[in-house]
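Please keep the sequence and the model at hand while reading.

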Amino acid sequence: MIRLEKVTKYYAMKGGERHYVVKDIDLDIPMNKSLAILGPNGAGKSTLLRMIGGAEAPNSGKIITDASVSWPLGVGVGFQGSLTGRQNLLFVCQINGLTKGETNLILEKVQEFAELGKFFDMPVKTYSSGMRARLGFGLSINFDFDYYLIDELTSVGDAIFRKKAKAAFEEIRKRASLVFVAHNLNTLKESCESALFLRKGIATYHESVDEGIECYEEFIKQHQPKKAVKKAAPLKKKPTSSQKTPNDLKNI
Amino acid sequence: MPIRIKNHSAFRTQCFVIKALFKREMVTRFGKYKLGVIWMLIDPLVSVIILGIILGPLIGRTSGDVPYAFFLLCGFMILRSLTGPISMGIGAMNSNRGLLVFRQVQPIDPFIARFIFELFVTIIAFTTFCVIGAWMGIQLSTAHLWELLGTLVITWLIGCGLGLTLGVLCVKFKEIEKIAAYIQRPLIFISGVLYPISVIPHDYRQMLLYNPIVHTVETSRKALFPNYIADEVNLVYPSICALVSLTLGLMVYRNNRHFLTQR
């Protein structure tokens, strides 16, 4: 169980204003029930995930847990670019106080999963985003966490990695729960049971993921027309192009 | 089988983190050079040799019983234990940003690891030079070694406080980096590294004595060479400066700690 008590997070903007990412949210994330975090861009999904993972502290409120929680797994997160893949892995093992035997085991396993070849001993900044994702994901699945925090991780990488990741997810879901941020709603539907819908600092919890996604889609519909009107206005001068664009989009 | 991470106490975890960051510092500082660790000795030695050749015949006469090379060396090593933590502190956040994502790593840990690393390097270099000096027949007193270590540590603490302050602030204001470089430049002239302060006229000497580094530099010479004359210096004033500087550093850190973890 992860419990959020009156968690508030804001960023100071220029001119001293406060931009609230989340404001006074209370939430329990139960064990063995994967949670999808939904919301438009900039709603604070990643920040919430980072707070749960302990990478950032809330400005007020508490996040309490007795479970082991992974670090937020995302594209290009968690590795220092100037260090090699191996050095980064060693660092993670060292800060967790692993023994030499455990460390070697992890190095071996991750090397096998990530298939980086010679890049394993190259600085991480030379990696492609897919390679970074493979390294991070490979490392995290070799730790036995109760919660895995995943931030758009599966959206990068090729078909082979996605297939591998999917298989690994199935493995993980048997023993742990996921807290998932993704914009691909199908992925969320497949792998999550409950949902948290985040917007303008407010968070609403939904027992079932379908319900949450419905709410989210409703929200998008409400906000769509305004934007469509604004966008359509300059296009009026060229009626032909405005007619074309929707069709073109559909074809794509 | 995936490995379960054991629960360690907060203190133990911090020790793990600082140790890991220390190792990481070793790798990146010395790993990329062929001569590796030797560089930490060559750097100060080159400055001592060059300045010794240029200034030795001029100022060397004023240093009394103390061989001018060692006179300079004391100054350089003490000054280094001040500027080392400052320049390392300024880069600490940027070069460890990626590692802050782990809950175990708090923003202050890279600072601590780097500061300890600097102290470690300075002490090793200083010891090596003293051993070489003694071997070459220079009379070094071993009676006041604790005092010598004290001067080094006090200067280092002043540097840590300033390094932490500037390191945190330069995440907010990029200009700090530039300003710090300008401030550090005249330090070598006003800290009594190149000349004994007993040669300075009384009125100006009183002004120089406001600089805590003058106290530690002169005391360190006195510790190695008991005949060296340095009457007006003490270690109490620099200790107070260290306390003030550390307090300032920790205050600035605490007020901005949320800001540091932001992406």
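Five bridges connect strand β1 (residues 2-12) of chain A with β4(A), and the two run antiparallel; strands count as paired if DSSP finds at least two bridges between them, and the elements themselves are DSSP runs numbered from the N terminus, with helices being H or I of at least four residues and strands E of at least two. These strands belong to an open sheet of three, ordered β2-β1-β4 (chain A), whose pairing is antiparallel. Because β2 (18-29) and β4 (60-65) of chain A each have a single partner strand and stand at the edges, one side of each is left without a neighbour in the sheet. On average, neighbouring strands of this sheet are turned by 20° against each other, direction ignored.

The model is predicted, with local features requiring pLDDT of at least 70 and side-chain atom pairs counting only at pLDDT 80 or more, whereas totals for chains, interfaces and linings use all residues. Residues are numbered from 1 along each chain as its sequence is written, while chains are lettered from A and ligands numbered from 1 in the order in which they are written.

## The six-stranded sheet of chain A

A further open sheet has six strands in the order β5-β6-β7-β3-β8-β9 (chain A), and its pairing is mixed. At its edges stand β5 (73-74) and β9 (202-206) of chain A, each with a single partner strand, so one side of each is left without a neighbour in the sheet. Strand β6 (residues 147-151) of chain A runs parallel to β5(A), to which two bridges join it, and here A:L73 is placed opposite A:I150 of β6(A). Five bridges join β6(A) to β7(A), also a parallel pair, with A:V179 of β7(A) as the bridge partner of A:L149.

Which residues of β6(A) point one way, and which the other? A:Y147, A:L149 and A:D151 point one way, A:Y148 and A:I150 the other way, and all are buried, a residue being buried if 20 or more other C-beta atoms, placed from the backbone, lie within 10 Å of its own. In a regular strand the side chains alternate between the two faces of the sheet. Since five of the five residues of β6(A) are buried, this strand is largely enclosed by the rest of the structure.

## One helix across both sheets

Helix α1 (residues 45-52) of chain A lies across β3 (35-38), β6, β7 (177-181) and β8 (194-199) of chain A, and runs at about 150° to β7(A). α1(A) also lies across β1, β2 and β4 of chain A, where its angle to β1(A) is about 125°. Such angles run from 0 to 180 degrees between N-to-C directions, with axes fitted to C-alpha atoms, for helices over the stretch in contact; residues are in contact if their C-beta atoms, placed from the backbone, lie within 7 Å.

## Packed helices in chain B

Helix α5 (residues 145-172) of chain B packs with α10(B) at an angle of about 25°, their axes being 8 Å apart. α5(B) and α10(B) are therefore roughly parallel to each other, a term for angles under 35 degrees.

Notes
Contact = placed C-beta atoms within 7 Å. Buried ≥ 20, exposed ≤ 12 C-beta atoms within 10 Å, placed from the backbone. Parallel < 35°, antiparallel > 145°, perpendicular 65-115°, else oblique.
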